[in-house]
Amino acid sequence: MESSFKKGYDKNVNADGSFELSFKSKRFGAKTAKSFALLGVFALLPASCAVTSPMVLAFGKSNNSAAVITWLIVAFALWFFVMNFAANLKTTILVKPNSGLVVNGKNLPFKEIGQIGTINYPGAESDKIAAFVYADAHGTQVNISKYITLSLAEAIVKELKEASGVTWK
């Protein structure tokens, strides 16, 4: 029987044996999410209202209730779109088995990686945990992903370790 549950990431195998791991991630971590929400309300919402205010003039006088309602709907839609775009990303990691990783256009050979793991932080809500995948290379911590759920981060680490051909501690 095949599982009907979907993985949190997509794995696309290329003709040369390499594969790409793609997954949705958050640009902002748990610590900055609340600050970004406040910024969105106090800066982006007024900006979207200012950008869409010509709609009120296009529909007639400002005391026309239909024009004001339409303007508010468009302003909130623009605000929601900008907030959603700013927070969500799709991350792609190219994995070359027994060779290395390509992260953000930079090569990271497996032979130079001391450890691959996750670092997690308590989330904005008490039951949520935000994590990211990292690799230690030459005394530098390389962030392989943006913030994702802990279970997704652990699944990606497992995929990377299996593809590396290295025996990890």
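A salt bridge here is a side-chain nitrogen of Lys or Arg within 4 Å of a carboxyl oxygen of Asp or Glu. The model is predicted, so local features need pLDDT of at least 70 and side-chain atom pairs count only at pLDDT 80 or more, while totals for chains, interfaces and linings use all residues. Residues are numbered from 1 along each chain as its sequence is written, and side-chain values use heavy atoms, with hydrogens and water left out.

Next, select Glu-159 and Lys-11, which form a salt bridge whose closest N and O atoms are 3.1 Å apart. Glu-159 lies in helix 4 (residues 150-164) and Lys-11 in strand 1, so the pair ties together parts that are 148 residues apart in sequence. Glu-159 counts as buried at 11% relative accessibility, whereas Lys-11, at 36%, counts as partly exposed; buried means under 20% relative accessible area, exposed over 50%, and partly exposed in between (1.4 Å probe, protein chains only).

Then select Lys-90 and Asp-10, a salt bridge with the closest N and O atoms 3.9 Å apart. Lys-90 belongs to strand 3 (residues 88-96) and Asp-10 to strand 1 (residues 9-13), 80 residues apart. Lys-90 is exposed, with a relative accessible area of 53%, and Asp-10 is partly exposed at 33%.

Finally, move to helix 3 (residues 65-87) and select Phe-85, which is exposed, with a relative accessible area of 57%.

Methods:
Helices (H or I, at least four residues) and strands (E, at least two) are DSSP runs, numbered from the N terminus.
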